[in-house]
Amino acid sequence: MSLDVTRAEPHSHEARRRLEHARTSRLAQLRALDESERGPDDHLLSAQRTAMRRVLAEIEEAFTRIDDGTYGICVSCAKPVPAERLEILPYTRHCVACRRRTA
């Protein structure tokens, strides 16, 4: 009996919609950070920009996983990522258990 992972992942159009929303939100946040005045907390703004760029890269990688058919599959254990987790973090690469191990 083979595992049908398509049940565990949202439909690709829904996943793309969530990823587009996440990308749009992060780009707006990054623009706001870029428009912030520089001051004594510049190192904090720099760290926030770096984190935002990292998330944007993860979002782009998620689009690639949709295209190659691996979206919704944990890159560590190859098991389906629960749909609930993908709703919250549509760009996640790991199931909860594997994420805890890599954190």
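Which side chains meet in a salt bridge at 2.2 Å, N to O?

1. Arg-16 and Asp-67 form this salt bridge (a side-chain nitrogen of Lys or Arg within 4 Å of a carboxyl oxygen of Asp or Glu). The pair links distant parts of the chain, with Arg-16 in helix H1 and Asp-67 in helix H2, 51 residues apart. By this rule the count comes to six salt bridges.

2. The model is predicted: local features need pLDDT of at least 70 and side-chain atom pairs pLDDT 80 or more, whereas totals for chains, interfaces and linings use all residues. Residues are numbered from 1 along each chain as its sequence is written, and side-chain values use heavy atoms, with hydrogens and water left out.

3. The axes of H1 (residues 12-35) and H2 (residues 42-68) come within 10 Å and cross at roughly 160°; axes are lines fitted to C-alpha atoms over the stretch in contact, with angles from 0 to 180 degrees between N-to-C directions. Helices are DSSP runs (H or I, at least four residues), numbered from the N terminus. H1 and H2 are therefore roughly antiparallel (angles over 145 degrees).

4. The residues of the contact of H1 with H2 divide into 14 nonpolar, three polar and nine charged. Here Ala, Val, Leu, Ile, Met, Phe, Trp, Tyr, Cys and Pro count as nonpolar, Asp, Glu, Lys and Arg as charged, and the others as polar.

Technical notes: Helices (H or I, at least four residues) and strands (E, at least two) are DSSP runs, numbered from the N terminus. Angles under 35 degrees count as roughly parallel, over 145 as roughly antiparallel, 65 to 115 as roughly perpendicular and the rest as oblique.
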